[in-house]
Amino acid sequence: MRKIKRITSVILAALMIVSLFAAVPMTVNAGSPDPGSGGTGIGGSTTVITPTTDDGYIAEKDYLTFTALRDDSYVRINDVRSGSDYKYNKNGTGWHDYELYNRIELNKGEYVRFRGSNTISLYNGGTFSISGKVAASGNVMSLRLDSESRSQGLDRECFMNMFERCEGLITAPELPETTLAYECYFAMFNYCTNLTKAPELPATTLAEACYYRMFYGCTSLTEPPELPATSLATYCYCNMFCGCTSLTELPELPATSLAEGCYYGMFDGCSNIRISNEAGTFSGIKYSEAYRIPAEDTARYALDSMFASTGGKFKGTPNINTTYYVGKPVYTVTWKNGDTVIETDTEVESGATPTFNGTTPEKAEDENNTYTFSGWSPAITAV
């Protein structure tokens with residue numbers, strides 16, 4: 001409320017209280033600052049896939065690039081397979097031969113680009129080491145160019161373990177290839193614990209174990225990429241998101257042709273993914289969004305442990321062509337004018353923005369002041 005007396009005004013608290021059943025309520029007061037508004041972080045970014053052109057050429061501006069988001073960061077390439085040839089360009093100063101284990105030191109805003117040929121991975125251990133806080137961008141296929149800067153396409157195991165345990169990696173490069181190879185992305189971002197967003201994965205032709213453990217242990221990943229393939233390969237998605245404890249959403253799975261172990265343990269340990277085999281509200285979780293795994297027929301181990309150790313009512317191995325329900329926490333939102341409750345909304349789903357449906361709050365005038373409603377504070381946001 002705002003009282004009016006000449007040019008003097010004060011705020012009368014109007015409150016909104018949000019609680020998760022028996023949880024401690026959070027109080028929101030009219031006219032007070034948003035306690036969460038001072039947070040920092042990376043937001044609003046959009047990943048844009050820059051595909052290789054029809055003739056296979058990749059422009060230099062689209063080469064794999066690492067940009068430091070803070071001082072004292074570095075990028076280093078470790079052991080690679082024999083025959084690999086790499087060059088780097090730091091801050092646009094020209095191309096230089098890269099020697100293995102050479103640390104490219106970067107301060108905030110500086111960048112380094114890489115180009116190369118042949119494969120880059122070894123089975124044991126990550127190929128890159130990244131320290132500090134670094135954003136990757138550009139087309140990863142710039143590491144597989146021929147002498148005329150044309151992409152050679154993917155090869156077996158070519159990006160296996162590429163960024164394993166790179167805790168300094170914040171964003172991923174582009175992976176635009178639509179035809180994959182045996183284990184090409186195996187454990188590519190294994191234990192990249194600060195990776196917040198997965199790259200787009202437009203591939204429609206998969207290969208054996210192509211995404212095996214790709215995001216294993218990426219505990220900051222909050223949503224999965226789209227997975228458009230309709231015909232799967234042996235163990236293609238096995239353990240793909242295992243241990244992604246911040247993941248709250250499931251991708252659509254349009255594939256109707258399954259293969260051995262294709263979904264094996266895909267979301268094992270994703271404790272914030274909640275599945276139920278019936279709709280309804282259970283233990284503070286509302287299960288309402290239908291989810292199905294369509295298929296013409298199943299295959300050996302295809303869905304084994306797909307939802308093992310997840311956080312919902314149903315865990316373990318689902319069945320094809322069966323309806324399950326994805327759950328979200330629900331909250332009770334209580335609206336107050338001063339100490340008076342004027343509206344209560346129940347079962348407001350996580351992520352929804354509550355709406356006050358009552359009449360505009362009022363306060364009677366007194367001998368010195370009149371009052372007008374100045375709005376809810378802090379600003380109403382998603383629960």
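**Exercise 1. State how much of the protein is buried, and describe its overall make-up.**

Buried residues, meaning those under 20% relative accessible area, with exposed over 50% and partly exposed in between (1.4 Å probe, protein chains only), make up 46% of the 383 residues in the protein. The model is predicted, so that local features need pLDDT of at least 70 and side-chain atom pairs count only at pLDDT 80 or more, while totals for chains, interfaces and linings use all residues. Residues are numbered from 1 along each chain as its sequence is written, and side-chain values use heavy atoms, with hydrogens and water left out.

Next comes the surface: the protein exposes about 18,100 Å², of which carbon and sulfur atoms supply 45%, the areas coming from the Shrake-Rupley method with a 1.4 Å probe and, for residues, only the protein chains shown counting as cover.

The secondary structure comes to zero helices and 18 strands, where helices (H or I, at least four residues) and strands (E, at least two) are DSSP runs numbered from the N terminus. Of the contacts (heavy atoms within 4.5 Å) with a separation of 6 or more, 75% are between residues 24 or more positions apart.

**Exercise 2. Work out which strands pair with β11, and in which direction.**

Two strands pair if DSSP finds at least two bridges between them. β11 and β4 are joined by four bridges and run antiparallel; within this pairing, T67 has A135 of β11 as its bridge partner. β11 is also joined to β12 (residues 169-171), by two bridges, and these strands run parallel; here V134 stands opposite L169 in β12.

**Exercise 3. Count the salt bridges, and compare the burial of the partners in three of them.**

With a salt bridge taken as a side-chain nitrogen of Lys or Arg within 4 Å of a carboxyl oxygen of Asp or Glu, the count comes to eight.

- K61 forms a salt bridge with D62, the closest N and O atoms being 3.5 Å apart; K61 counts as exposed because its relative accessibility is 61%, whereas D62 counts as buried because its value is 14%.
- R156 and E157 meet in a salt bridge at 4.0 Å, N to O; R156 is partly exposed at 45% relative accessibility, while E157 is buried, with a relative accessible area of 14%.
- E278 and K313 meet at 2.7 Å, N to O, and this pair links distant parts of the chain, 35 residues apart, with E278 in the loop between β13 and β14 and K313 in the loop between β15 and β16. E278 is partly exposed at 36%, and K313 also counts as partly exposed, at 40%.

Finally, D146, E148 and R150 are linked in a network of salt bridges.
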